[in-house]
Amino acid sequence: MIFQSCIHVCMESTGKYWHLVFNVLEHDCDVIIANPKYVKGIRGKKTDKKANKMRVCLDHVDSIEKHIADIESVVLNLAQPYLPQVELILSLPGIKDIFTAIAIIGEIGVDMSAFLFQKHICSWAGLTPQNNESAGKKKSVRVSRAGVYIKLLLVQCANAVIRSKDCLYFRYHQIKKSRGHKKAIIAIAHKLLICIYHMLDKNEPFDAELYNIDSNPKPKNTYAPQITEDMAIRYLETLGYQIPDKHVKI
């Protein structure tokens with residue numbers, strides 16, 4: 001008779017003794033045939049005692065999951081007035097979970113007038129390099145320790161962004177080639193926060209085309225400006241040439 005309370009069985013593959021037992025159990029249990037080397041290496045007594053403990057652990061996990069579900073329900077109710085802003089943030093690449101968007105709003109709010117411009121919010125979040133220079137010596141310029149929660153959250157979003165084939169993905173690889181992964185991922189998190197700032201300030205969803213225009217400007221004209229006759233003469237004089245009186249007409 002098979003007791004339904006035990007559905008997971010691990011058996012040692014010793015000789016052919018396990019065949020008959022396996023044939024009886026395979027229809028009602030999840031049977032795993034393992035090498036005795038690994039089964040015997042498990043510490044502790046192989047009795048139904050590590051099962052009572054497992055039952056307590058599983059009950060504890062179920063309790064935690066129930067509490068998480070209750071908290072998420074409360075958070076969703078509190079976030080109802082900010083659902084339009086949540087939808088804006090969810091339009092960003094790399095941010096697909098509603099609780100991630102709610103967490104970002106919980107950190108920076110929805111009123112961007114609290115920050116003078118985008119550099120202020122990035123500095124507040126600890127996503128800008130420091131300016132540490134004294135007596136002509138430039139010291140560490142690593143990002144500050146500000147933004148304990150929002151910075152880590154945006155870095156996680158940046159790691160999700162670089163897995164997708166979009167504009168931020170290519171931007172990450174451009175920076176990574178010269179500065180490494182860590183600085184590149186901070187740069188992407190910095191860009192995400194700038195996008196969020198403008199999206200909430202203008203009440204507009206993310207537009208990849210605008211980002212492409214902003215991040216890939218047209219090449220500037222590299223030709224030198226047109227020089228005048230006087231400028232050319234002064235330049236030749238600095239090189240040691242003797243220039244006759246230019247006012248004399250031939």
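Colleague: How far does H9, with its 22 residues, reach from its first C-alpha to its last?

Modeller: Helices (H or I, at least four residues) and strands (E, at least two) are DSSP runs, numbered from the N terminus. The expected span of a helix is 1.5 Å times one less than its number of residues. For H9 the expected value is 32 Å. The reach in the model is close to that, at 32 Å.

Colleague: Before we go on, what kind of model is this?

Modeller: Residues are numbered from 1 along each chain as its sequence is written, and side-chain values use heavy atoms, with hydrogens and water left out. Local features need pLDDT of at least 70, side-chain atom pairs count only at pLDDT 80 or more, and totals for chains, interfaces and linings use all residues, this being a predicted model.

Colleague: OK, and how far apart are the end C-alpha atoms of H7?

Modeller: H7 covers residues 150–161, which makes 12 residues. At 1.5 Å a residue, H7 should span 16 Å. The end atoms agree with that, being separated by 16 Å.

Colleague: Which helices do the buried residues of H7 pack against?

Modeller: Let's say what buried means: under 20% relative accessible area, with exposed over 50% and partly exposed in between (1.4 Å probe, protein chains only). In H7 the buried residues are Ile150, Lys151, Leu153, Leu154, Val155, Cys157, Ala158 and Val161. They pack against helix H5 (98–108), helix H6 (118–124), helix H8 (167–179) and H9.

Colleague: Are H7 and H9 roughly parallel or roughly perpendicular to each other?

Modeller: Axes are lines fitted to C-alpha atoms, for helices over the stretch in contact, and angles run from 0 to 180 degrees between N-to-C directions. The axes of H7 and H9 come within 8 Å and cross at roughly 105°. Under 35 degrees counts as roughly parallel, over 145 as roughly antiparallel, 65 to 115 as roughly perpendicular and the rest as oblique. That's why H7 and H9 are roughly perpendicular.

Colleague: How many charged residues are in the contact of H7 with H9?

Modeller: Contact means heavy atoms within 4.5 Å, and here Leu154, Val155, Cys157, Ala158, Asn159 and Val161 in H7 meet His181, Ile185, Ile186, Ile188, Ala189, Leu192, Leu193 and Ile196 in H9. Ala, Val, Leu, Ile, Met, Phe, Trp, Tyr, Cys and Pro count as nonpolar, Asp, Glu, Lys and Arg as charged, and the others, Gly among them, as polar. This contact has 12 nonpolar and two polar residues, and the number of charged ones is simply no charged residues.

Colleague: H4 (residues 83–90) packs on H9 too, so to speak; at about what angle?

Modeller: Two packed helices are described by the angle between their axes and the distance between the axes. For H4 and H9 (residues 181–202) the axes are 10 Å apart, and the angle is about 140°.

Colleague: Is the crossing of H4 and H9 left-handed or right-handed?

Modeller: With that angle, H4 is oblique to H9. A crossing is left-handed if the near helix is turned anticlockwise from the far one by less than a right angle, and right-handed if clockwise. The crossing of H4 and H9 is right-handed.

Colleague: Which residues of H9 make that contact with H4?

Modeller: H4 brings Gln85, Leu88 and Ile89 to the contact. The H9 side consists of Ile196, Met199 and Leu200.

Colleague: How many nonpolar residues does the contact of H4 with H5 have?

Modeller: H4 and H5 pack at about 115°, with their axes 9 Å apart, which makes H4 roughly perpendicular to H5. Gln85, Val86, Ile89 and Leu90 in H4 meet Ile98, Ala101, Ile102, Ile104 and Ile105 in H5. By class there is one polar residue, no charged one, and the nonpolar ones number eight.

Colleague: What is the relative accessible area of Thr100?

Modeller: Thr100 is found in helix H5. Leaving out residues up to four places away in sequence, Thr100 touches Ile95, Leu153 and Cys157. Thr100 is buried, with a relative accessible area of 17%.
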